[in-house]
Amino acid sequence: MQSERNANFNRNYNDYICSVAPKTKEARTLLRAFFVGGTICCIGQFIRFALEYWAGLSGTELAAYVSMIMIFLGAFLTGIGVYDRIGKYAGGGSIVPITGFANSVVSPAMEFKSEGFVYGTASKMFVIAGPIIVFGVASSVLVGLIYYVYFLVI
Amino acid sequence: MFLKAFAVGGAICTIAQLLINYTKITSGKILVTFLLLGVVLQAFGLYKYLVDFAGAGATVPISGFGYLLAQGAIDGAKESLFGAITGGITAAGAGITAAIVFGYIFALIFRVRSKKN
């Protein structure tokens, strides 16, 4: 009886919240994600051109340097608290670029600093980035093995 | 080139935003999904065309990281079994190292701001 009434209350409360809470403006969030994501990629492209021109890099080395610099920028902006503000504005536009990967490393690392430099910062760094590395490396090994067998057969 | 990078990078981020809006996938899972998407596309040899077309518009999103992993593994597989296993993380080593080193340094330097604004 009591639980039934509680369930009823909860349902009514949820309906009420849904009617009052502001709906996310779909089109606007999509536009923002597009704009910010595109801008971040343009910054990457600029770094790419700059390194190609002044440092004479190319190929995988160039790509590696670009992603290192982007990660550096993402980590720095997260540190000074700017990236979270961009994230609030852009949503997916700030998560998917590699700077968002850096953000997902630095953010929990800063958050859990109070628990110590080893079990706080160093282990909580990988709360979100851990699965990315696990699935990324595991799937790359899978792809490598499939191709190895493929090259053997051919 | 900048226009292409802007359009493709923006489009990838818009797809992510669509996932956020219409499903209940958390941001961590979205990152993993896009990473695996990059790996799978490059496993079939497709993501390379997007990279050739859009440059940083395709390599800066996390799917470009997946592309790097898969391409490294494929290149390694041409050499040896050892290459097939280590090729992926060798190619992605720079990014992972940068994330760990810079991440740890900046986490030590900076403090969490109040979340009022």
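**A walk through chains A and B**

Leaving aside residues up to four places away in sequence, Met70(A) touches Gly44(A), Ile98(A), Thr99(A) and Val60(B). Touching, or contact, requires C-beta atoms, placed from the backbone, within 7 Å of each other. The model is predicted: local features need pLDDT of at least 70, side-chain atom pairs count only at pLDDT 80 or more, and totals for chains, interfaces and linings use all residues. Residues are numbered from 1 along each chain as its sequence is written, while chains are lettered from A and ligands numbered from 1 in the order in which they are written.

Stay with Met70(A). It sits in helix H3 of chain A. Helices (H or I, at least four residues) and strands (E, at least two) are DSSP runs, numbered from the N terminus. Is Met70(A) buried or exposed? Met70(A) is buried, because 25 other C-beta atoms lie within 10 Å. The cut-offs are 20 or more other C-beta atoms within 10 Å for buried, 12 or fewer for exposed, and in between for partly exposed, with C-beta atoms placed from the backbone. Ile43(A) is 27 residues from Met70(A) in sequence, yet their C-alpha atoms are 8.6 Å apart.

Now take in the whole of chain A. It has eight helices and zero strands. Along the sequence the pattern reads α-α-α-α-α-α-α-α. Of its 154 residues, 41% are buried. Among its contacts between residues at least 6 apart in sequence, 59% join residues at least 24 apart.

Next comes a helix pair. Two packed helices are described by the angle between their axes and the distance between the axes. The axes of H3(A) and H6(A) come within 8 Å and cross at roughly 45°. H3(A) is therefore oblique to H6(A). Axes are lines fitted to C-alpha atoms, for helices over the stretch in contact, with angles from 0 to 180 degrees between N-to-C directions. Angles under 35 degrees are roughly parallel, over 145 roughly antiparallel, 65 to 115 roughly perpendicular, and the rest oblique. The contact of H3(A) with H6(A) has nine nonpolar, eight polar and no charged residues. Ala, Val, Leu, Ile, Met, Phe, Trp, Tyr, Cys and Pro count as nonpolar, Asp, Glu, Lys and Arg as charged, and the others, Gly among them, as polar.

Phe101(A) leads across to chain B. Not counting residues up to four places away in sequence, Phe101(A) touches Ile71(A), Ala129(A), Ile132(A), Leu31(B), Ile62(B) and Ala99(B). Which residues touch the most other members of the largest nonpolar core? They are Phe101(A) and Ala16(B), in a core of 76 residues. Such a core is a set of buried Ala, Val, Leu, Ile, Met, Phe, Trp, Tyr and Cys residues joined through C-beta atoms within 7 Å.

The two chains meet through 66 residues from chain A and 67 residues from chain B. On the side of chain A, H8(A) gives the most, with 17 residues. That side has 42 nonpolar, 20 polar and four charged residues.

One pair spans the chains. The axes of H2(A) and H1(B) come within 6 Å and cross at roughly 140°. These helices, H2(A) and H1(B), are therefore oblique to each other. H2(A) passes H1(B) in a right-handed crossing.

Conventions: Left-handed = near helix turned anticlockwise from the far one by under 90°.
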